Amino acid sequence: MSKVLIVVGSGTDIPIAQKAVSILEEFGVTYDVRIASAHRTPTMLRELIAESDADIFIGIAGMAAALPGVIASLTTKPVIGVPVSGKMTLDAILSIVQMPSGIPTACVGLDRGDNAALLSVEILGINNKNLQKQLQMYRDKMIEKAVKDSKSFSKDYKP
């Protein structure tokens, strides 16, 4: 059983999906990755969502970025959209952010597959103390790195 299903609109979006995969693996969250287009393969996408046992969906798409919204229209489970940078970056962002009332879709930053995965872990962690603990440790490491970087910069910085 996959807890998270990552759907990319095309093969060119795989590098963004890999960011999500790395985080999900770090937290031991099961996942699956599929390529399905909201526009080119709508029947395949509909079947994929209908047959999935995932708790959370991540939709990664550029251009018009309809994929996360279409996924959200096909499920009542949480959907996180990741807009992909490219020729139509603003279109990709707005396609996910401006979803109509009644079909909510979370949206993380441009190319932030890692943040989509972290948000998935946070959602799954609501009822999972182990994931909550792992998330806290993850954030503690971020704090330690920031403090270390700050000290190193301050020591070496000569205005």
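Guide: Gladly! Let us start with a word we will need: buried means under 20% relative accessible area, exposed means over 50%, and partly exposed is in between, using a 1.4 Å probe and protein chains only. Helices (H or I, at least four residues) and strands (E, at least two) are DSSP runs, numbered from the N terminus. This is a predicted model, where local features need pLDDT of at least 70, side-chain atom pairs count only at pLDDT 80 or more, and totals for chains, interfaces and linings use all residues. Residues are numbered from 1 along each chain as its sequence is written, and side-chain values use heavy atoms, with hydrogens and water left out.

Visitor: What makes β4 largely enclosed by the rest of the structure?

Guide: 5 of the 5 residues of β4 are buried, so β4 is largely enclosed. Val79, Gly81 and Pro83 point one way from the strand, while Ile80 and Val82 point the other way, and all are buried.

Visitor: How do you know that β3 and β4 pair?

Guide: Two strands pair if DSSP finds at least two bridges between them. Strand β3 (residues 56-61) and strand β4 (residues 79-83) are joined by 5 bridges and run parallel, so by that rule they pair. One example is Ile58, whose bridge partner in β4 is Ile80. On to the next pair: β4 and β5 are parallel too, over 2 bridges, and in β5 the partner of Ile80 is Ala106.

Visitor: Why is the crossover from β4 to β5 called right-handed?

Guide: A crossover is right-handed if, with the strands pointing away from the viewer, the path from the first strand over the helix to the second runs clockwise. The β-α-β path from β4 through α4 to β5 is right-handed in that sense.

Visitor: Which strands make up the sheet, and in what order?

Guide: The open sheet has 5 strands in the order β2-β1-β3-β4-β5, with parallel pairing. Its edge strands are β2 (31-35) and β5 (106-107), each of which pairs on one side only.

Visitor: What makes a group of residues a nonpolar core?

Guide: A nonpolar core is a set of buried Ala, Val, Leu, Ile, Met, Phe, Trp, Tyr and Cys residues joined through side-chain atoms within 4.5 Å. The largest one here has 26 residues, and Val4, Ile6, Phe27, Val29, Ile58 and Ile60 have the most contacts inside it. Helix α1 gives the most to this core, with 6 residues. A second, separate core has 17 residues, including Ala36, Ala38, Ala61 and Ala65.

Visitor: How do you know that Val29 is buried?

Guide: Val29 has a relative accessible area of 7%. The cut-off is under 20%, so Val29 counts as buried. Val29 lies in the loop between α1 and β2. Contact means heavy atoms within 4.5 Å, and, leaving aside neighbours within four places in sequence, Val29 is in contact with Lys3, Val4, Leu24, Val121, Leu124 and Leu131. Val29 and Leu124 are 95 residues apart in sequence and 9.0 Å apart in space, C-alpha to C-alpha.

Visitor: Is Thr75 buried or exposed?

Guide: Thr75 has a relative accessible area of 17%, so Thr75 is buried as well. Thr75 sits in the loop between α3 and β4. Not counting residues up to four places away in sequence, Thr75 touches Ile49 and Phe57.
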